[in-house]
Amino acid sequence: MAAESCKDWVLTVTAQTPTNIAVIKYWGKRDEDLILPINDSISVTLDPHHLCTTTSVAVSPAFTHDRMWLNGKEVSLSGGRYQNCLRELRSRAGDVEGEEKGIKITKKDWEKLHFHIVSYNNFPTAAGLASSAAGLACLVFSLAKLMNVKDDHSRLSAIARQGSGSACRSLYGGFVKWIMGKEQNGSDSIAVQLADEKHWDDLVIIIAVVSSRQKETSSTSGMRETVETSMLIEHRAKEVVPKRIIQMEEAIKNRDFPAFARLTCADSNQFHAVCLDTLPPIFYMNDTSHRIISCVEKWNRFEGTPQVAYTFDAGPNAVLISHNRKAAALLLQRLLFHFPPNSDADLNSYVIGDKTILQDAGIQDMKDIEALAPPPEIKDNIPAQKYRGDVNYFICTRPGRGPVVLTDERRSLINPETGLPK
Ligand code: DP6
């Protein structure tokens with residue numbers, strides 16, 4: 001990378017923002033530019049220790065244009081969505097005084113100053129996990145801190161929303177609702193926190209990153225095609241989701257897992273049903289996704305009460321939310337039984353994130369996976385099928401906190417001398 005020396009000062013801020021998984025899905029826009037949805041949605045924020053974006057932003061009079069590097073590669077900021085976020089932030093920026101460097105930036109200066117933005121995900125981008133939500137939320141959050149934007153998280157969520165709809169829900173930890181709003185200018189289409197991550201900290205989340213060769217339809221174009229062609233989407237947005245939102249808020253408030261699981265699974269299934277009702281039909285789930293659903297459904301039915309909820313976004317990966325640690329360990333045993341790793345894999349990279357779930361499941365090495373007995377609910381179907389290699393890896397995690405500023409200079413991704421990525 002060409003070294004550009006900054007004759008003047010460089011001011012930086014670094015922040016970390018989580019990703020989120022919707023349990024009542026956002027699918028369909030009523031305004032494509034402002035990113036206004038056709039229904040409310042609810043999500044769970046995932047623990048940033050396991051899935052998050054870290055972004056450093058810098059401003060300097062020596063920068064000649066806005067630049068961004070994502071996971072080590074320079075990317076263009078010319079897209080309308082980035083430009084909308086930057087314009088909104090510049091219009092809300094405040095005065096900034098940097099203590100040591102004698103920096104003074106007034107509100108008006110922000111119109112002329114340029115940014116360098118360096119962003120990294122702590123999970124593989126290729127995994128197909130929603131990285132845009134954490135990425136856009138982090139960009140807006142870190143720039144807002146740098147520019148001394150005084151707006152609260154809800155107002156910031158309305159800016160992040162214009163980068164990517166689901167990003168607005170990553171401005172909070174725990175359980176979050178994106179209110180669709182009624183205003184044409186989108187001012188009331190914001191995220192609010194329903195409960196923080198400590199409210200329901202028994203929940204354990206296991207993500208199965210499923211192998212897929214299929215080129216997926218992006219959420220943006222997929223939901224546009226659904227709104228244009230599906231007859232079911234209007235019924236979903238107007239009749240089904242409003243009732244589910246009320247029930248889901250109640251389930252979260254009361255930590256009512258059976259209701260939470262029933263609503264989460266039903267809403268994921270209906271989202272994929274409207275995808276199938278799109279012309280041409282959109283298939284996000286694959287055979288492995290369907291097998292995971294059937295494994296969970298069989299087990300839940302066998303127990304008589306739900307142990308695990310499943311939900312799938314615009315791809316084949318399964319997000320499985322278990323009632324508590326015990327249920328998560330039993331779930332992991334079932335998943336490893338049906339989806340053992342290829343013989344050349346190692347356990348440390350096959351199950352990542354919170355490894356204590358692996359210990360709870362009594363799995364110490366690969367031999368323990370091979371020795372797993374079939375779960376009781378499939379005893380009468382012996383020989384049970386195994387699908388070796390159909391899951392790339394599992395991530396064990398939990399509900400987590402919202403965005404934070406990282407004050408430790410060593411965590412910055414920008415060289416304070418050059419203003420370029422470290
Ligand atoms: C299936 O937020 O990625 O994950 O607003 O066009 O950027 P754009 O779409 P995006 O869509 C996410 C859709 C979803 C469901 C959800 O997160 O609610």
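**Overall size.** I started with the radius of gyration of this predicted model. For 422 residues a compact globule would come out near 22 Å, and the chain has 22 Å, so the two agree. Then I looked at the extent of the C-alpha trace: about 75 × 50 × 40 Å along the principal axes.

**What the chain is made of.** I counted 11 helices and 19 strands. Of the 422 residues, 55% count as buried. I also checked contacts between residues at least 6 apart in sequence, and 76% of them join residues at least 24 apart.

**Surface and charge.** The accessible surface comes to about 18600 Å², with 51% of that belonging to carbon and sulfur atoms. How far apart are the centres of the positive and negative side chains? I got 0 Å, for 49 positive and 51 negative side chains.

**Helix H8.** I picked out H8, residues 325-338. Its 14 residues reach 20 Å from first C-alpha to last, close to the 20 Å expected at 1.5 Å a residue. Is H8 mostly covered or mostly open? Mostly covered: 10 of its 14 residues are buried. The buried ones include Ala327, Leu331, Arg334, Phe337 and His338. A reminder to myself: an α-helix has 3.6 residues a turn, so residues three or four places apart point the same way.

**Val274.** This residue sits in helix H6, residues 257-276.

Most residues other than glycine have a negative phi, and most peptide bonds are trans. With that in mind I went looking for exceptions.

- The peptide bond from Leu279 to Pro280 is cis, with omega near -10 degrees. Pro280 is in the loop between H6 and helix H7 (287-303).
- Ile35 has a positive phi, near 55 degrees, and is not a glycine. I found Ile35 in the loop between strand E3 (29-31) and strand E4 (36-37). Its relative accessible area is 0%, so Ile35 is buried.
- Asn148 is not a glycine either, and its phi is positive at about 55 degrees. Asn148 lies in the loop between helix H2 (131-146) and helix H3 (153-160). At 24% relative accessibility, I put Asn148 down as partly exposed.

Definitions and conventions:
Residues are numbered from 1 along each chain as its sequence is written. This is a predicted model: local features need pLDDT of at least 70, side-chain atom pairs count only at pLDDT 80 or more; totals for chains, interfaces and linings use all residues. Side-chain values use heavy atoms; hydrogens and water are left out. Helices (H or I, at least four residues) and strands (E, at least two) are DSSP runs, numbered from the N terminus. The radius of gyration is taken over C-alpha atoms; the globule rule is 2.2 Å times the number of residues to the power 0.38. Buried means under 20% relative accessible area, exposed over 50%, partly exposed in between (1.4 Å probe, protein chains only). Contact means heavy atoms within 4.5 Å. Accessible areas come from the Shrake-Rupley method with a 1.4 Å probe; for residues, only the protein chains shown count as cover. Lys and Arg count as positive and Asp and Glu as negative; His and the chain ends are not counted. The place of a charge is taken as NZ of Lys, CZ of Arg, CG of Asp or CD of Glu. The expected span of a helix is 1.5 Å times one less than its number of residues.
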